[in-house]
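Could you walk me through how to read a protein model, one feature at a time? I would like the general idea and then the case at hand.

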Amino acid sequence: MGDFGKRPLAYVCYLCGQQYGSQSLHIHIPQCAIKWCQQHEATKAPPPPPELPVTADQLPKGAAAIAAFNAAMMARWDQGSLVKCQHCNRTFRPEALATHSKACTAAKPFKPLPKATSTSSSAEPGRHGPGSLKRTAAIAAFNAAMMARWDQGSLVKCQHCNRTFRPEALATHSKACTAAKPFKPLPKATSTSSSAEPGRHGP
């Protein structure tokens, strides 16, 4: 659990489905749009979804808000960036579809993907089928619940500013945050602030 807590929260790109840091996402998206147009032989990439803010400092904060954001970005990626195989109706990245099409033919198509309730885990990389969005939303909700439990059970609250930290991070934080000069409370999840220290969480 300690290693999971040290992993920074990342944001999903709606064009490629990859994750980036808060300061990297908006730098990446214009470059990704160019690549998307090349892959799809298009002149313009899909417009950003409404959940994507204009600037990096407006990105959501907090595990639950980021999980919801990523679920929305994954849904848009699945709908706008993947290509459906005409034989099995699975969806792929363009480069993955080229490889898939060599084996999946009109004479011998692959079987459709199992529904979200199936226990099968044999999906090919880059492949999506019916129910994939439900799985994405379910995983996002699960991760949000795990992050909330981790915040409640594994972090320690600073007695001066009420922020929560990993035990080893609290020791460093306490050198600067004192009763005489406490740090300001963290902004709420809807705030546009992005100045949180690594390992630091608000109430």
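This is a predicted model: local features need pLDDT of at least 70, side-chain atom pairs count only at pLDDT 80 or more; totals for chains, interfaces and linings use all residues.

Q: What should I know before I start?
A: Residues are numbered from 1 along each chain as its sequence is written.

Q: What is the mean pLDDT of the protein?
A: pLDDT is the predictor's confidence in each residue, from 0 to 100. The mean for this protein is 74, and 72% of its residues reach 70 or more.

Q: What share of the residues is buried?
A: Buried means under 20% relative accessible area, exposed means over 50%, and partly exposed lies in between (1.4 Å probe, protein chains only). Of the 203 residues here, 35% count as buried.

Q: Which residues have the most contacts inside the largest nonpolar core?
A: A nonpolar core is a set of buried Ala, Val, Leu, Ile, Met, Phe, Trp, Tyr and Cys residues joined through side-chain atoms within 4.5 Å. The largest one here has 20 residues, and Cys13, Leu15, Leu25, Ile29, Leu52 and Phe69 have the most contacts inside it. At least two residues of this core come from each of strand 1 (11–12), helix 2 (25–40) and helix 3 (63–80). Take Leu52 as an example: leaving aside neighbours within four places in sequence, Leu52 is in contact with Tyr14, Leu25, His26, Ile29, Phe69 and Met73.

Q: How do I read a helix, and which residues of helix 2 are buried?
A: You can compare its span with the expected one, which is 1.5 Å times one less than its number of residues. Helix 2 has 16 residues and reaches 21 Å from its first C-alpha to its last, close to the expected 22 Å. Its buried residues are Leu25, His28, Ile29, Cys32, Trp36 and Cys37, and their cover includes strand 1, strand 2 (19–20) and helix 3. Just after helix 2, Glu41 takes a positive phi of about 50°.

Q: How many residues does helix 3 have?
A: Helix 3 has 18 residues and reaches 26 Å, close to the expected 26 Å. Among its buried residues are Ile66, Ala67, Phe69 and Asn70.

Q: Is Asn70 buried or exposed, and what does it touch?
A: Asn70 counts as buried because its relative accessibility is 11%. Not counting residues up to four places away in sequence, Asn70 touches Ala10, Tyr11, Val12 and Gln19. A polar atom of the Asn70 side chain lies 3.1 Å from the backbone oxygen of Ala10.

Q: How many aromatic pairs are there?
A: Rings of Phe, Tyr and Trp (its six-membered ring) pair if their centres lie within 6.5 Å; planes under 30 degrees apart count as stacked, over 60 as edge-to-face and the rest as tilted. By this rule there is one aromatic pair. The rings of Tyr11 and Phe69 have centres 5.7 Å apart and planes at 75°, so the pair is edge-to-face. This pair links distant parts of the chain, with Tyr11 in strand 1 and Phe69 in helix 3, 58 residues apart. Both Tyr11 and Phe69 are buried.

Q: Where does Asn89 lie, and what is its phi?
A: Asn89 lies in the loop between strand 3 (83–84) and strand 4 (91–92). Its phi is near 70°, a positive value in a residue other than glycine. At 46% relative accessibility, Asn89 counts as partly exposed.

Notes: Side-chain values use heavy atoms; hydrogens and water are left out. Helices (H or I, at least four residues) and strands (E, at least two) are DSSP runs, numbered from the N terminus. Contact means heavy atoms within 4.5 Å. A polar contact is a pair of N or O atoms within 3.5 Å; within protein, one must be able to donate a hydrogen and the other to accept it, and residues adjacent in sequence count only if both atoms are side-chain atoms.
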